[in-house]
Amino acid sequence: MAKINENYSKLPGNYLFSEIARRIQAYQANHPEADIIRLGIGDVTQPLVPAVIDAFHRGVTEMGHAETFRGYGPEQGYDFLIEKIIENDFKPLGVHLDMDEVFISDGAKCDTGNIQEIFSQDSIIAVTDPVYPVYVDSNVMAGRSGALGPDGRYERIVYLACTEANGLKPDLPKVPVDLIYLCFPNNPTGMTLKKDELKVWVDYARANRAVILFDAAYEAFIQEPDIPHSIYEIEGAKEVAIEFRSFSKTAGFTGTRCAYTVVPKTVMAYDSAGKAHSLNKLWLRRQTTKFNGVSYPIQVAAAAVYSPEGQAQIKAVIDYYMTNARIIREGLTQAGFKVYGGVNAPYIWLKTPDHLSSWEFFDKLLSEVQVVGTPGAGFGPSGEGYFRLTAFGSRENTERAMERIRSLKL
Ligand code: MLT
């Protein structure tokens with residue numbers, strides 16, 4: 001008899017963004033004429049830039065000729081892309097990485113979801129709350145969570161509340177933890193940590209032999225100085241941190257799929273006898289077994305992000321989204337909302353008015369002004385009473401959404 005993985009029964013019915021899509025579909029079915037503006041899922045709307053498209057075409061053309069055709073590529077990614085990543089994303093920060101410390105993949109969602117496989121089943125996980133749901137759900141599936149309590153928290157997961165009381169910045173855990181998921185600039189709050197604030201976490205991990213899983217998918221949106229783009233800017237981080245990066249938001253690859261994960265050879269975790277093991281080796285073993293690499297044309301396209309034209313073109317797109325972020329932040333502030341984020345990140349985190357719950361505000365926005373956002377409660381119990389809007393819409397839709405929200409009867 002085939003038996004299911006019962007850990008799946010502990011999950012909420014739908015993945016957050018699938019639930020939102022379901023509600024939009026239901027509303028649209030009843031109101032076919034509705035002109036819905038979607039600022040919910042953080043999906044980009046601007047096309048791939050010309051430098052990337054040209055390279056993409058070149059890669060596809062090469063695949064059509066016997067002399068340049070390629071079959072399976074290296075599971076870890078082609079050297080031409082890894083070299084560019086190290087040279088452009090890390091060297092200017094003073095961070096040295098070896099070629100075999102960078103793993104190209106098809107998304108930071110997959111990598112942040114899969115990374116837990118290389119850690120012990122009884123690891124204690126700490127997550128910020130609110131949090132990108134993939135970190136929690138993937139550990140629930142793997143059996144690390146325990147049961148879901150009535151307060152919306154899993155009994156074995158340590159929640160690091162990010163509330164107005166701590167300025168939406170997590171405090172160190174009060175109980176011992178083994179793995180700490182940090183995402184900065186943060187999804188969903190849009191907040192950042194300064195170097196000295198991130199150092200506290202690196203020091204904690206070093207002192208406690210913990211590992212930090214650092215999601216830096218939004219680093220390209222940082223505008224202010226003194227905010228680290230990589231955790232490896234912090235001394236000692238290469239002993240305790242794995243970093244996830246993505247071309248999705250940086251260069252419009254949400255539908256194209258390309259990302260990378262950095263696993264320095266010096267990051268260690270321990271077996272039951274206390275012996276240290278390099279996580280780089282384990283991740284390589286995992287990836288070579290379960291992943292066959294990102295397609296050649298997509299890696300060629302991703303490498304073009306680092307050409308001088310590519311850099312100028314993606315910067316213009318990032319500026320476009322960050323102007324949207326400013327329009328949302330200022331528009332909401334003028335309308336009397338309390339807002340966070342949107343300065344160094346493409347997400348704006350707002351407090352719902354009139355003590356509405358996150359989902360009540362979602363329904364109100366959808367039914368009254370046909371604007372979709374993401375309910376804060378979907379990111380964890382501390383997100384209740386908050387709501388997230390993304391800056392990834394078109395300018396026109398962003399401005400129209402602000403007009404509509406300003407017209408809301410509160
Ligand atoms: C989000 O809206 O939080 C992101 O688009 C999710 C993702 O990148 O998977």
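## Helices and the model

Helices here are DSSP runs, H or I, of at least four residues, numbered from the N terminus. The model is predicted. Asp319 has its place in one such run, helix H10. Helix H10 covers residues 308-334.

## The ligand site

Ten positions make up the shell. The ligand is surrounded by Phe17, Ile41, Gly42, Lys109, Tyr132, Asn187, Tyr218, Lys249, Tyr347 and Arg388. By type, the shell divides into five nonpolar, two polar and three charged residues. Two domains contribute to this shell: domain 1 (6-47 + 309-406) and domain 2 (53-307). The ligand therefore lies between them.

Tyr132 uses its side chain, where an N or O atom is 2.6 Å from an oxygen atom of the ligand. Arg388 also uses its side chain, with an N or O atom 2.7 Å from a ligand oxygen. On its own, the ligand has 270 Å² of accessible area, and the protein covers 85% of that.

## Two cis prolines

A cis peptide bond joins Asp129 and Pro130, with omega about 10°. Pro130 sits in the loop between strand S3 (125-129) and helix H5 (133-141).

Another cis peptide bond joins Asn187 and Pro188; here omega is about 20°. Pro188 belongs to the loop between strand S5 (179-183) and helix H6 (195-208). Asn187 is also one of the residues that surround the ligand.

## Helix H9, an enclosed helix

Helix H9 runs over residues 296-303. Eight of its eight residues are buried, so the helix is largely enclosed by the rest of the structure. Those buried residues are Tyr296, Pro297, Ile298, Gln299, Val300, Ala301, Ala302 and Ala303. Their cover includes helix H2 (50-63), helix H3 (79-90) and strand S2 (102-105).

Asn280 is found in helix H8 (residues 279-290). Asn280 has a relative accessible area of 7%, so it is buried, the cut-off being under 20%. Leaving out residues up to four places away in sequence, Asn280 touches Asp100, Glu101, Phe103, Val263, Pro264 and Lys265.

Helix H10 holds both Ile314 and Asp319. Ile314 is buried, with a relative accessible area of 7%. Beyond its neighbours within four places in sequence, Ile314 is in contact with Val49, Thr250, Ala251 and Val305. Ile314 and Pro50 are 264 residues apart along the chain, but 9.6 Å separates their C-alpha atoms. Asp319 counts as partly exposed, at 31% relative accessibility. The C-alpha atoms of Asp319 and Trp349 are 19 Å apart, and these residues are 30 residues apart along the chain.

## Positive phi in loops

Asp226 is not a glycine, yet has a positive phi of about 70°. Asp226 lies in the loop between strand S6 (211-215) and strand S7 (241-246). At 42% relative accessibility, Asp226 is partly exposed.

Arg257 is not a glycine either, and its phi is positive at about 75°. The loop that holds Arg257 runs between helix H7 (248-251) and strand S8 (259-262). Arg257 is partly exposed, with a relative accessible area of 29%.

Technical notes:
Residues numbered from 1 in each chain as written. Predicted model: local features only at pLDDT ≥ 70, side-chain atom pairs only at ≥ 80, totals over all residues. Heavy atoms only, no water. Near = heavy atom within 4 Å. Polar contact = N/O pair within 3.5 Å; in protein donor to acceptor, adjacent residues only side chain to side chain. Areas by Shrake-Rupley, 256 points an atom, 1.4 Å probe, with all protein chains shown as cover. Nonpolar A, V, L, I, M, F, W, Y, C, P; charged D, E, K, R; others polar. Domains from an automatic or database assignment. Buried < 20%, exposed > 50% of the residue type's maximum accessible area, 1.4 Å probe, protein only. Helix = DSSP H or I, 4+ residues; strand = E, 2+ residues; numbered from the N terminus. Contact = heavy atoms within 4.5 Å.
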